[in-house]
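User: I would like to learn how to read the features of a model like this one. Please take them one at a time, with the general idea before the case.

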Amino acid sequence: MLGCVEPFVVSPSAALERLAASATRVSGLAGEVLLRAGDRPEAAFVVLRGRVNLLRGGHRGRELILACLGAGDLFGEAGVMPEGVASTTAVAAGTVELCRLPIADLRRHLEEIPATSVRMLGLLQRRLADIEGVASGLALCDVEQRLRRTLSVLARRQGRRLQEGANWVLAPVPTQTELARMVGSCRETVSRTLTAMARDGLVSTVGRKMFLAQALVESHA
């Protein structure tokens, strides 16, 4: 499993086996805090099943979801840095299964495999770019533009295209409340915006699945 996850895709099998020997499988329930902002992580985690939201607190108790992680995504990696602390709070969006990697063992792995360390830096850079994208969206874009971008990112990272040139499917789709916290709005506004986008043929929802038009996903690639 680790060999299919960034940043470990370039790690030799023998080194991965040593890292995997220290890994454990853990689970969490919906709403459970898995890692709190300001804490020094004792372990990093790979999401195996379910979704994990990375939150940052705001005014009047409101929280903004800066990233929504799915299967294969890593969090808690800040612990490998000297005096590194978590900058966001990780909360289980539903029942989750995780692979727990002790920080000391992860640090030794990165020191042993420089190529993996470089890919870890790339992962951190993309995470920072995502956060900067959220910040610039809040300042420069309206709710519909922010929602379109968010759905496009989720579809490309956690969804799949039904076939070449066809629509994308995202399942399970975040709730409207979660989407509102991702775009810095309220659930009612997100609901109205999704309804308008559905009239335009950009999205449709069936149960916990959302279908997104290819034009929508590619316009925000």
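**Reading strands, pockets and backbone**

Analyst: Start with a pair: Val-206 faces Lys-209, a residue of strand 12. Helices (H or I, at least four residues) and strands (E, at least two) are DSSP runs counted from the N terminus. This is a predicted model, where local features need pLDDT of at least 70 and side-chain atom pairs count only at pLDDT 80 or more, while totals for chains, interfaces and linings use all residues. Residues are numbered from 1 along each chain as its sequence is written, and side-chain values use heavy atoms, with hydrogens and water left out.

User: How many bridges join strand 11 to strand 12?

Analyst: Strands of a sheet pair through backbone hydrogen bonds, either parallel or antiparallel. Two strands count as paired if DSSP finds at least two bridges between them. Here strand 11 (residues 203-206) and strand 12 (residues 209-212) run antiparallel, with 4 bridges. Their hairpin has 2 residues between the strands, and Gly-207 there takes a positive phi near 60 degrees.

User: Is strand 3 mostly covered or mostly open?

Analyst: Strand 3 is mostly covered, with 5 of its 7 residues buried. Buried means under 20% relative accessible area, exposed over 50%, and partly exposed in between (1.4 Å probe, protein chains only).

User: Which strands make up the other open sheet of 4 strands, and where are its edges?

Analyst: That sheet has the order 2-7-4-5, again with antiparallel pairing. Strand 2 (33-35) and strand 5 are the edge strands, pairing on one side only. From one strand to the next, the twist averages 35 degrees. Strand 4 (residues 52-57) and strand 7 (residues 89-92) share 4 bridges, and Leu-55 has Thr-89 as its bridge partner in strand 7. Helix 3 packs on this sheet, touching strand 4 and strand 5, and its direction makes about 140 degrees with that of strand 5.

User: How is the largest pocket read, and what volume does it have?

Analyst: Rolling a probe the size of a water molecule over the atoms shows where empty space is left. On a 1 Å grid over the protein atoms alone, a pocket is an open set of points where a 1.4 Å probe fits, with protein on both sides within 12 Å along at least five of seven lines; lining residues have an atom within 4 Å of a point. The largest pocket holds about 660 Å³, a volume being the space filled by probe spheres set on the grid points, which are joined across faces, edges and corners. Of its 31 lining residues, Ala-67, Cys-68, Asp-130, Val-153 and Arg-157 are the closest to the centre. Strand 5 (63-69), helix 3 (114-140), helix 4 (143-158) and helix 5 (176-183) each contribute at least two lining residues. The lining consists of 16 nonpolar, 7 polar and 8 charged residues; Ala, Val, Leu, Ile, Met, Phe, Trp, Tyr, Cys and Pro count as nonpolar, Asp, Glu, Lys and Arg as charged, and the others, Gly among them, as polar.

User: What volume has the second largest pocket, and which element gives the largest share of its lining?

Analyst: Its volume is about 320 Å³. Of the 18 residues lining this second largest pocket, Glu-77, Ser-87, Thr-88, Arg-127 and Ile-131 are the closest to its centre. Helix 3 gives the largest share of the lining, 4 residues. By type, the lining of the second largest pocket divides into 13 nonpolar, 3 polar and 2 charged residues.

User: Which residues is Arg-148 in contact with, beyond its neighbours within four places in sequence?

Analyst: Contact means heavy atoms within 4.5 Å. Arg-148, in helix 4, is in contact with Met-197, Leu-202, Leu-216 and His-220. At 22% relative accessibility, Arg-148 is partly exposed.

Conventions. Axes are lines fitted to C-alpha atoms, for helices over the stretch in contact, and angles run from 0 to 180 degrees between N-to-C directions.
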